[in-house]
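Welcome! Take a moment to look at the sequence and the model before reading on.

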Amino acid sequence: FEDLAGNESTFLAAYSEDGSVLNAMLGATPGSVFMQEVLRQISIYYRGERSPEMLETTAEWMGPVTAYAALKVVAGRECPYVTLQPWATSEITCGKHKLRMFQERGLECWQPGDENCPLVRYENEFAGVKYGIFDVAGPLVAWPRFANCKDWGCQTGGWATGEDPLPPSQPDEASAWLLP
């Protein structure tokens, strides 16, 4: 993890394939304003409210939605002149912060032996293991889930299915906040 962050990064994350922020890989320095904002966004989410930033993403799951919203809020406050673009650059200076951003992308798992897709991932029927975390320049640097993961929560518990336990702030948003 330290190799990915380098010596100067104060916040590290990966954009998910849909452009939100993958909560499976977050790194921050102690007292991080980014992580404080993630916690604030989670509180907003569990009150049944949605911050404007949460509504900017098509992501439906709490982790990526709240991590995305937190990044947008802090960047808007600390470096409003910087436009965050998921596939533009991996190192971003944001005021006194140094962000290191990666990208989640689908792996090419079409046949045994495909580069970046070990056999255990190829043979796993769960689509979630067929994603990797890449540097913007291209090389695979990590996987968002372990190779034997069988569902979106990777058998760790705490993964809700069905409707969100708290209703959205607008009745017409209900379908956007259903979990698979």
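The secondary structure of this protein comes to four helices and eight strands, where helices (H or I, at least four residues) and strands (E, at least two) are DSSP runs numbered from the N terminus. Starting at the N terminus, the elements follow the order α-β-β-α-α-β-β-α-β-β-β-β. This is a predicted model, in which local features need pLDDT of at least 70 and side-chain atom pairs count only at pLDDT 80 or more, while totals for chains, interfaces and linings use all residues. Residues are numbered from 1 along each chain as its sequence is written, and side-chain values use heavy atoms, with hydrogens and water left out.

Of the 180 residues in the protein, 45% are buried; buried means under 20% relative accessible area, exposed over 50%, and partly exposed in between (1.4 Å probe, protein chains only). A contact here means heavy atoms within 4.5 Å. Among the contacts with a separation of 6 or more, 54% are between residues 24 or more positions apart.

**Helix 2 and its surroundings**

Let us begin with helix 2, which covers residues 33-46 and has 14 residues. From its first C-alpha to its last it reaches 20 Å, close to the 20 Å expected at 1.5 Å a residue; the expected span is 1.5 Å times one less than the number of residues. Which residues of helix 2 are buried? They are Phe-34, Glu-37, Val-38, Gln-41, Ile-44 and Tyr-45. Seen down the axis of helix 2, these buried residues fall within an arc of 120 degrees, so they line one face of the helix. The arc is that of the directions from the helix axis to the C-beta atoms. Their cover includes strand 1 (11-15), helix 3 (62-78) and strand 4 (97-106).

The two ends of helix 2 have details of their own. At its start, a side-chain oxygen of Ser-32 comes to within 3.0 Å of the backbone nitrogen of Phe-34. Just after the helix, Gly-48 has a positive phi of about 85 degrees.

Strand 1 runs antiparallel to strand 2 (residues 21-28), and five bridges join them; two strands pair if DSSP finds at least two bridges between them. Phe-11 has Ala-28 in strand 2 as its bridge partner. The two strands form a hairpin with five residues between them, and Gly-19 in the turn has a positive phi of about 95 degrees. Ser-16 lies in the loop between these strands and is buried, with a relative accessible area of 4%. Its side chain makes a polar contact with the side chain of Ser-20 (2.6 Å). A polar contact is a pair of N or O atoms within 3.5 Å; within protein, one must be able to donate a hydrogen and the other to accept it, and residues adjacent in sequence count only if both atoms are side-chain atoms.

Further along, strand 4 and strand 5 (131-134) pair in the antiparallel sense over four bridges, with Arg-105 opposite Gly-132 in strand 5. Strand 5 is also joined to strand 6, again antiparallel, by two bridges. In strand 6, Leu-140 is the bridge partner of Phe-134. The hairpin of strand 5 and strand 6 has five residues between the strands, and in it Gly-138 takes a positive phi near 130 degrees.

**A buried cysteine**

Cys-94 lies in strand 3 (residues 91-94). How buried is it? Its relative accessible area is 0%. Leaving aside neighbours within four places in sequence, Cys-94 is in contact with Ala-75, Glu-78, Cys-79, Tyr-81 and Leu-99.

**Salt bridges**

Side chains of opposite charge can pair when their charged atoms come close. A salt bridge is a side-chain nitrogen of Lys or Arg within 4 Å of a carboxyl oxygen of Asp or Glu. The whole structure holds six salt bridges, and the table includes three of them.

| Salt bridge | N to O distance |
|---|---|
| Arg-47 and Glu-49 | 3.3 Å |
| Lys-72 and Glu-56 | 3.5 Å |
| Arg-100 and Asp-135 | 2.9 Å |

Arg-100 in strand 4 and Asp-135 in the loop between strand 5 and strand 6 are 35 residues apart, and both are buried. By contrast, Arg-47 is exposed at 53% relative accessible area, and Glu-49 is partly exposed at 36%.
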